[in-house]
Amino acid sequence: MHTLVAQTKFTFGDRVRFDSEVQKCNGTGEILAITVEVDGSVNYLISVPDAEYLYAGILEDEITLLGMDE
């Protein structure tokens, strides 16, 4: 069994704004899942309640943490 520890800028439930050139999508939502790929890269699954849609493969550099009042 292997254990992997990864540090990320965001955590589950964070409200964020994203603009992804890679996935060609943008919006405001909540971090639903964090994925660590075999090469060590980290990407996020973001839930957008208004659109009732999930956006996968969003990179850290494409995400901005929103404040409590946003």
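## The model

This is a predicted model, in which local features need pLDDT of at least 70, side-chain atom pairs count only at pLDDT 80 or more, and totals for chains, interfaces and linings use all residues. Residues are numbered from 1 along each chain as its sequence is written, and side-chain values use heavy atoms, with hydrogens and water left out.

## Overall fold

The chain has five strands and zero helices. Its elements run β-β-β-β-β from the N terminus on. Strands (E, at least two residues) and helices (H or I, at least four) are DSSP runs, numbered from the N terminus.

The C-alpha trace spans about 40 × 25 × 20 Å along its principal axes. Buried residues make up 29% of the 70 residues. Buried means under 20% relative accessible area, exposed means over 50%, and partly exposed lies in between (1.4 Å probe, protein chains only).

Contact means heavy atoms within 4.5 Å. Take the contacts between residues at least 6 apart in sequence: 39% of them join residues at least 24 apart.

## Two residues in strand β3

Asn43 is found in strand β3, which covers residues 42–48. Asn43 counts as buried because its relative accessibility is 12%. Its side chain makes a polar contact with the side chain of Glu37, at 3.0 Å. A polar contact is a pair of N or O atoms within 3.5 Å; within protein, one must be able to donate a hydrogen and the other to accept it, and residues adjacent in sequence count only if both atoms are side-chain atoms. Leaving out residues up to four places away in sequence, Asn43 touches Ala33, Ile34, Thr35, Glu37, Gly57, Ile58 and Leu59.

Leu45 is also found in strand β3. Not counting residues up to four places away in sequence, Leu45 touches Glu30, Ile31, Leu32, Ala33, Leu54, Tyr55 and Ala56. His2 lies 43 residues from Leu45 along the chain, and their C-alpha atoms are separated by 23 Å.

## Two loop residues with positive phi

Lys24 is found in the loop between β1 (15–20) and β2 (25–36). Its phi is near 55°, a positive value in a residue other than glycine. Lys24 is exposed, because its relative accessible area is 72%.

Glu52 is found in the loop between β3 and β4 (53–59). Phi of Glu52 is near 50°, again positive in a residue other than glycine. With a relative accessible area of 75%, Glu52 is exposed.
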